Amino acid sequence: MDLIDQAESILQQLFTAIKQYPREKEDISIFNVIRDEYDKIEDEKMRRIVGMCLAAIEDHEGSDLTELSTKSYGVADGNLDAPVLTIDNGLGSFIKQIVNRHNLPVELNTIVTHIEISNQSNGIVHISTLDGRHYSSKYVLITIPLGCLKARSIVFNPSIPDWKLLAVDKMGFGLLNKVFLQFSSIFWEENLQNIDIITNHYYQFYICMPESCILVLYAAGSYAREFEQYTDEETVQTLVTSLGRIYPLMTDPIKWLVTRRAHDPYACGSYSNFAVGADLETVKELARESHDGGVHWAGENTNYSGSIGYVDSAFESGQREAKYIQEKLKQS
Ligand SMILES: Cc1cc2nc3c(=O)[nH]c(=O)nc-3n(C[C@H](O)[C@H](O)[C@H](O)COP(=O)(O)OP(=O)(O)OC[C@H]3O[C@@H](n4cnc5c(N)ncnc54)[C@H](O)[C@@H]3O)c2cc1C
């Protein structure tokens with residue numbers, strides 16, 4: 001058996017251990033389930049290959065294996081088909097088309113700070129924004145990221161009920177950052193799609209875009225959080241040093257862009273996942289209406305009947321709640 005076959009066989013064993021973890025037992029992290037088997041791998045090269053494949057789960061979920069639920073492993077993917085669709089010029093262009101076609105009154109750069117449903121307001125929801133505007137409505141649909149809910153970025157009066165805050169805190173919110181490095185010319189093999197660098201201390205995964213001489217680093221979980229502490233220049237220097245060990249003739253990048261989603265107050269991270277202890281019931285609580293039916297909840301973290309953490313999840317949950325609110329309006 002060659003190295004890759006051996007690695008595949010070890011990985012299969014590890015995934016079997018994850019999938020066969022007894023339902024009746026208390027949830028523990030994926031890392032805790034596989035640690036003993038992983039520690040048994042004596043060959044250093046093999047440990048790195050297996051470690052690289054495990055790190056792909058962390059990239060996908062945006063969290064470390066030490067944080068992810070074993071019992072809910074795979075649930076977030078719902079019945080989603082393999083991702084095949086990309087949209088030219090980004091998802092914003094898709095949203096713009098919907099907005100234009102239906103003439104929707106979308107107000108950009110409008111930061112909600114307070115939502116109030118006071119006893120005196122007869123069930124009417126009052127929404128206040130940072131620039132001092134006020135809106136009133138019968139219902140409100142909240143779709144801010146789970147990270148912002150964890151940070152309690154909007155003040156609710158009365159406050160968000162405890163059962164929902166419990167779910168907000170229980171569900172995981174991953175972090176995936178990207179570092180774009182543009183070079184004056186390519187120094188890697190033109191037909192490469194990815195470059196993976198594995199050391200004993202870290203795993204780096206780059207997507208290659210030879211047409212624009214760009215490498216994009218994907219950094220997830222604690223690795224991504226660590227990067228957010230550094231300046232752009234420090235981050236770029238770290239990456240150049242590790243790439244330089246493989247490509248000694250490479251030149252320094254001419255441009256770069258480093259995302260810091262954990263520090264972005266309107267993101268506070270990237271997308272949801274099942275942290276240890278979280279399950280579909282948690283997602284249902286995130287989706288459940290509150291404040292006597294005045295406040296509704298959608299967004300990728302609430303899509304209990306499908307996937308979690310994807311664009312599809314956000315879209316489906318938005319449709320679910322919009323239909324529900326429409327029904328309520330018809331009946332009132
Ligand atoms: C790096 C990265 C790569 C990804 N890749 C993919 C992929 O390949 N395929 C895929 O399907 N999904 C991908 N996703 C996930 C996908 O982008 C999200 O699941 C999806 O965008 C979630 O939609 P949402 O509407 O729930 O939340 P968001 O898209 O986060 O929208 C929430 C909105 O709320 C706004 N907001 C926050 N606070 C306030 C406030 N106080 N007042 C007013 N507005 C506020 C934010 O500005 C934001 O516009 C990726 C995510 C990241 C970060």
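Buried means under 20% relative accessible area, exposed means over 50%, and partly exposed lies in between, computed with a 1.4 Å probe and protein chains only. This is a predicted model, in which local features need pLDDT of at least 70, side-chain atom pairs count only at pLDDT 80 or more, and totals for chains, interfaces and linings use all residues. Residues are numbered from 1 along each chain as its sequence is written, and side-chain values use heavy atoms, with hydrogens and water left out.

**Overall layout**

- The protein chain has 10 helices and 13 strands; helices (H or I, at least four residues) and strands (E, at least two) are DSSP runs numbered from the N terminus.
- The C-alpha trace of the protein chain spans about 70 × 55 × 35 Å along its principal axes.
- Of the 332 residues in the protein chain, 39% are buried.

**Ligand site**

- The ligand is surrounded by 20 residues, the closest being Val112, Gly299, Glu300, Gly309 and Val311; a residue counts as near a molecule or strand if one of its heavy atoms lies within 4 Å of it.
- Valine 112 has a polar backbone atom 2.9 Å from a nitrogen atom of the ligand.
- The protein buries 64% of the 1,000 Å² that the ligand exposes when taken alone; accessible areas come from the Shrake-Rupley method with a 1.4 Å probe, and for residues only the protein chains shown count as cover.
- Strand S7 (176–182) and helix H10 (311–331) are the elements that give two or more residues to the shell around the ligand, and H10 gives the most, with three residues.
- The shell around the ligand holds 11 nonpolar, five polar and four charged residues; Ala, Val, Leu, Ile, Met, Phe, Trp, Tyr, Cys and Pro count as nonpolar, Asp, Glu, Lys and Arg as charged, and the others, Gly among them, as polar.

**Nonpolar surface patch**

- Leu85, Ile87, Leu91, Phe94, Ile95, Val311 and Phe315 form a nonpolar patch on the surface, and together have about 640 Å² of accessible area.
- Patches are made of residues with over 30% relative accessible area and no salt bridge, with like charges joined within 9 Å and nonpolar side chains (Val, Leu, Ile, Met, Phe, Trp, Tyr) within 5 Å.
- Helix H4 (91–101) gives the most to the nonpolar patch, with three residues.
- Phenylalanine 315 is found in helix H10 and is partly exposed, with a relative accessible area of 41%.

**Salt bridges**

- The structure holds 11 salt bridges, each defined as a side-chain nitrogen of Lys or Arg within 4 Å of a carboxyl oxygen of Asp or Glu.
- Glutamate 107 and arginine 133 meet through their side chains in a salt bridge (2.7 Å, N to O).
- This pair links distant parts of the chain, 26 residues apart: glutamate 107 is in the loop between H4 and S1, and arginine 133 is in the loop between S2 and strand S3 (134–137).
- Arginine 152 and aspartate 169 also meet in a salt bridge (3.0 Å, N to O).
- Arginine 152 lies in the loop between helix H5 (146–150) and S5 and aspartate 169 lies in helix H6, so the pair ties together parts that are 17 residues apart in sequence.
- Glutamate 327 forms a salt bridge with lysine 330, with the closest N and O atoms 3.4 Å apart.
- Glutamate 327 and lysine 330 are separated by about one helical turn because they are three residues apart in helix H10.
- Glutamate 327 counts as partly exposed at 36% relative accessibility, whereas lysine 330 counts as exposed at 59%.

**Loops and backbone geometry**

- Serine 307 is in the loop between strand S13 (295–297) and H10 and counts as buried, at 2% relative accessibility.
- The side chains of serine 307 and serine 313 are joined by a polar contact of 2.8 Å; a polar contact is a pair of N or O atoms within 3.5 Å, where within protein one must be able to donate a hydrogen and the other to accept it, and residues adjacent in sequence count only if both atoms are side-chain atoms.
- Most residues other than glycine have a negative phi, and most peptide bonds are trans.
- Asparagine 157 and proline 158 are joined by a cis peptide bond, with omega about -5 degrees.
- Asparagine 103 has a positive phi of about 50 degrees, and asparagine 109 has a positive phi near 50 degrees.
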